[in-house]
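Here are my notes after going through the model, in the order I would look at things on screen.

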Amino acid sequence: MARPREFDPNRAMDKAMVLFWDVGYEEASLAGLLSAMEITKGSFYKAFRDKQSVYLAALDRYNDKVVSGTVAYLGDGAQGSGRDRILGLFGRIAEAALETGDRLGCFLCNAMIDKAAGGGEAEARLQAMTRRLEGGFRRALEDDGLDEDEARAVARGILSTYFGLRVLGRAGLSADMATDCIGQVERLIDRVG
């Protein structure tokens, strides 16, 4: 009879995700993963093939926990107009960076510039998450009456600003920079609305 796992896989994966998020794929050593995940080498290899498989699972976990939540929020008409939802999302990001000192930024942003994103399965996952976020912004804009083509173009501009705000948050975003980023998004939406 097989021995039960001696660790909580979800908890361990959350810890691996934070490590990759913070230091990137290359800097996350096996020893660092074992320590962060609080598991033994034997448990690691029973549960995962290698560091790459843990990284891919961490990307999936981020997609499930963060990207899905963001897309759901953008699509939730109970949260106001599409404009209100988009600006509300940007406000929450800025608040987390400014008030709580959130310096992790966005795992998706960090992973896109990481060497691990240079092709293969990791790149495919990153592109899929990016398209999901773009789709969330596009649908929020369509809820406010923009046609599909116009909404797609504006959503891509908003997505660029979203990534920029997340990177600035990691770098210690100032209040005036956050305000300016949100103002740019507001102007972009209002120009076409």
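This is a predicted model: local features need pLDDT of at least 70, side-chain atom pairs count only at pLDDT 80 or more; totals for chains, interfaces and linings use all residues.

1. On the α4 side, the contact takes in Gln52, Tyr55, Leu56, Leu59, Asp60, Tyr62, Asn63, Val67, Ser68, Thr70, Val71 and Leu74. Their partners in α7 are Glu121, Ala122, Arg125, Leu126, Met129, Arg132, Leu133, Gly136, Phe137, Arg139 and Ala140. So how do the two axes sit? They come within 10 Å and cross at roughly 0°. That angle is under 35 degrees, so α4 counts as roughly parallel to α7.

2. While you're on α4 (residues 51-74), have a look at Ser53, which belongs to that helix. Is Ser53 buried or exposed? Its relative accessibility is 11%, and the cut-off for buried is under 20%, so Ser53 counts as buried. One is to the backbone nitrogen of Arg49, at 3.2 Å. The other involves the backbone oxygen of Asp50, which lies 2.8 Å from a polar atom of the Ser53 side chain.

3. Next, α8 against α9. The pair has axes that come within 10 Å, with a crossing angle of roughly 180°. An angle over 145 degrees is what it takes, and α8 and α9 are therefore roughly antiparallel to each other. From α8, the residues in contact are Glu150, Val154, Gly157, Ile158, Thr161, Leu165 and Leu168. From α9, they are Met177, Ala178, Cys181, Val185, Leu188, Ile189 and Val192.

4. Pick out Gly157 within that pairing. It is placed in helix α8, and with 26% relative accessibility it counts as partly exposed. How far is Gly157 from Leu188, in sequence and in space? The two are 31 residues apart along the chain, while their C-alpha atoms are 7.9 Å apart.

5. Now α9 by itself. This helix covers residues 175-192, which makes 18 residues. From first C-alpha to last it reaches 27 Å, close to the 26 Å expected at 1.5 Å a residue. Its buried residues are Ala178, Cys181, Ile182, Gly183, Val185, Leu188 and Ile189.

6. Over to α2 (30-37), where Leu33, Leu34 and Met37 are buried. Looking down the helix axis, the buried residues fall within an arc of 100°, so they line one face of α2. Ala31 and Ser35, on the other side of α2, are exposed. The buried residues pack against α1 (9-23), α3 and α4.

7. Glu38 has a positive phi of about 55° although it is not a glycine. Why is Glu38 classed as partly exposed? Its relative accessibility is 47%, and a residue has to be over 50% to be called exposed, so Glu38 stays in the partly exposed class.

Technical notes:
Residues are numbered from 1 along each chain as its sequence is written. Side-chain values use heavy atoms; hydrogens and water are left out. Helices (H or I, at least four residues) and strands (E, at least two) are DSSP runs, numbered from the N terminus. The expected span of a helix is 1.5 Å times one less than its number of residues. Buried means under 20% relative accessible area, exposed over 50%, partly exposed in between (1.4 Å probe, protein chains only). A polar contact is a pair of N or O atoms within 3.5 Å; within protein, one must be able to donate a hydrogen and the other to accept it, and residues adjacent in sequence count only if both atoms are side-chain atoms. The arc is that of the directions from the helix axis to the C-beta atoms. Contact means heavy atoms within 4.5 Å. Angles under 35 degrees count as roughly parallel, over 145 as roughly antiparallel, 65 to 115 as roughly perpendicular and the rest as oblique.
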